[in-house]
There are 2 protein chains.
Amino acid sequence: MARVQFDKSKVLESATHAFWRLGYTATSMQTLVAQTGLKPGSIYLAFGNKEGLFKESLDYYAEQSLANLEAMLAQYESIEEALPHILLALIEESSQSEYCSCFLVKSQLELSDEQAELKQHVSQRLRKVESLYFEGLLKNNSEAEASAKAASVMMHIFGIRVYGYHTNSKEQLMNGIRLGLPWLAWETLH
Amino acid sequence: MARVQFDKSKVLESATHAFWRLGYTATSMQTLVAQTGLKPGSIYLAFGNKEGLFKESLDYYAEQSLANLEAMLAQYESIEEALPHILLALIEESSQSEYCSCFLVKSQLELSDEQAELKQHVSQRLRKVESLYFEGLLKNNSEAEASAKAASVMMHIFGIRVYGYHTNSKEQLMNGIRLGLPWLAWETLH
DNA sequence: TACATTTTTGAATGATCACTCAAAAATTTG
DNA sequence: CAAATTTTTGAGTGATCATTCAAAAATGTA
């Protein structure tokens, strides 16, 4: 019956989906066994334990997010032009049914000091996103300006991730974002 | 041995602390028994079940937060003057050790669609906070302006709650907030 | 083909989960 | 004070938790 090595990215896809939707603690190994189609032993051989599978799921998600972000940034002349499209996409996403906020943000807030190592793992991925914005902003801004603007962008993204998870008002989110980020090139958003 | 009815607010104080720190799922009834000093039977008689205790803990926290917010607002002439102090306090809070973000924000993000009722319970308290800002902003703004500004304030607060949970940079947070909320009366901040 | 190695299988494990309930203690009622 | 009612006690419940491991199957190597 046993086939050769399972498709790791398919397994991570379904594990990520489960962890993202339910959270780390609320996702049981039994759920993961059901969702991935793997037997317990295979999961433990490949990932060590539940925490190992969670970490790899986080990385799987983070890599996809960063790649997606870099692709968006590459499409536009400047980050000031790209960000309105990026933020609009986040707002659109937040109005979908079964919206799960951001896996990284949810995980960051779920983990307590008792899981310090996991928490740091998540923080690192979030900082990577911020540094991507920071680097882009350095083109047209001083270091101090770029730093403040990157922080402002991150806070607005976190805002969308939380606000969009409980309210369902695209217009309200758009108005808030436009007001808080007036230095972006909103006019290119036709 | 049995004393008369336990001190409900003391019990809610410790239950809130546990739920806030660890999250709903990761806080076991055994932990709650240990933290509150109550025996399982007493908890179930008084609160029905774990979810009941969680709801009352949320209300306990939300009422304190709202009271605190109203007290801050009452201290200043306008909300534009009060908000810099309120936000500064949130930033200061985020740099403390054992910082747990915001109980409402954490709970909001932890709960999935399978706990729709609880999720709505949390959303309601968050909307109450926003409406408080909205009402205050109506004094000096049109309805549309007040609505957008309230959304912007909420997003910045969510931003502080998430950003402050993983980074430890008061200065970075302050710069981001000042940049995103330029219509506040920052000059009155000494 | 024969043997060694790797991978999968899935029932079983002890620990911990949310929760129960009959007995005991404290309080209220008459 | 005695009976009725309310509250507390805490050991015990079945369910579910993360994890294990010996046997079976598949693959690699000669």
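The structure is a predicted model, in which local features need pLDDT of at least 70 and side-chain atom pairs count only at pLDDT 80 or more, while totals for chains, interfaces and linings use all residues. Residues are numbered from 1 along each chain as its sequence is written, and chains are lettered from A, with ligands numbered from 1, in the order in which they are written. Chain A has 9 helices and 0 strands, where helices (H or I, at least four residues) and strands (E, at least two) are DSSP runs numbered from the N terminus.

**Overall fold of chain A**

- Read along the sequence, the pattern of chain A is α-α-α-α-α-α-α-α-α, and its C-alpha trace spans about 60 × 35 × 35 Å along the principal axes.
- Of the 190 residues of chain A, 39% count as buried; a residue is buried if 20 or more other C-beta atoms, placed from the backbone, lie within 10 Å of its own, exposed if 12 or fewer, and partly exposed in between.
- Among the contacts in chain A with a separation of 6 or more, 61% are between residues 24 or more positions apart, a contact being a pair of residues whose C-beta atoms, placed from the backbone, lie within 7 Å.

**Relation and contact of the two copies**

- The contact takes 35 residues from chain A and 35 residues from chain B; on the side of chain A that touches chain B, the elements giving two or more residues are α1 (8-22), α6 (103-110), α7 (116-137), α8 (143-166) and α9 (170-180) of chain A.
- The largest share of that side of chain A comes from α8(A), with 14 residues, and the residues of the side divide into 16 nonpolar, 15 polar and 4 charged.
- These classes count Ala, Val, Leu, Ile, Met, Phe, Trp, Tyr, Cys and Pro as nonpolar, Asp, Glu, Lys and Arg as charged, and the others, Gly among them, as polar.
- Because 100% of the interface residues of chain A are also interface residues in chain B, the copies meet through the same surface.

- Helix α4 (residues 50-74) of chain B has 25 residues and reaches 36 Å from its first C-alpha to its last, close to the 36 Å expected at 1.5 Å a residue, the expected span being 1.5 Å times one less than the number of residues.
- The buried residues of α4(B) are B:L53, B:F54, B:S57, B:L58 and B:Y61, and what covers them includes α1 (8-22), α2 (29-36), α3 (40-47), α6 (103-110) and α7 (116-137) of chain B.
- The axes of α4(B) and α6(B) come within 10 Å and cross at roughly 140°, where axes are lines fitted to C-alpha atoms, for helices over the stretch in contact, and angles run from 0 to 180 degrees between N-to-C directions.
- α4(B) and α6(B) are therefore oblique to each other, given that angles under 35 degrees count as roughly parallel, over 145 as roughly antiparallel, 65 to 115 as roughly perpendicular and the rest as oblique.
- In this pairing, B:L58, B:Y61 and B:A62 of α4(B) meet B:F103, B:L104 and B:S107 of α6(B), and by class the contact has 5 nonpolar, 1 polar and no charged residues.
- Helix α8 (residues 143-166) of chain B has 24 residues and reaches 35 Å from its first C-alpha to its last, close to the 34 Å expected; α8(B) is mostly covered, with 20 of its 24 residues buried.

**Selected residues**

- A:F47 has its place in helix α3 (residues 40-47) of chain A and is buried, with 21 other C-beta atoms within 10 Å.
- Leaving aside neighbours within four places in sequence, A:F47 is in contact with A:G52, A:L53 and A:E56.
- A:E98, in the loop between α5 (79-94) and α6 of chain A, has a positive phi of about 65° although it is not a glycine, and counts as exposed with 7 C-beta neighbours inside 10 Å.
- In chain B, B:E98 is found in the loop between α5 (79-94) and α6, has a positive phi near 65°, and is exposed, with 7 other C-beta atoms within 10 Å.

How values were computed: Contact = placed C-beta atoms within 7 Å.
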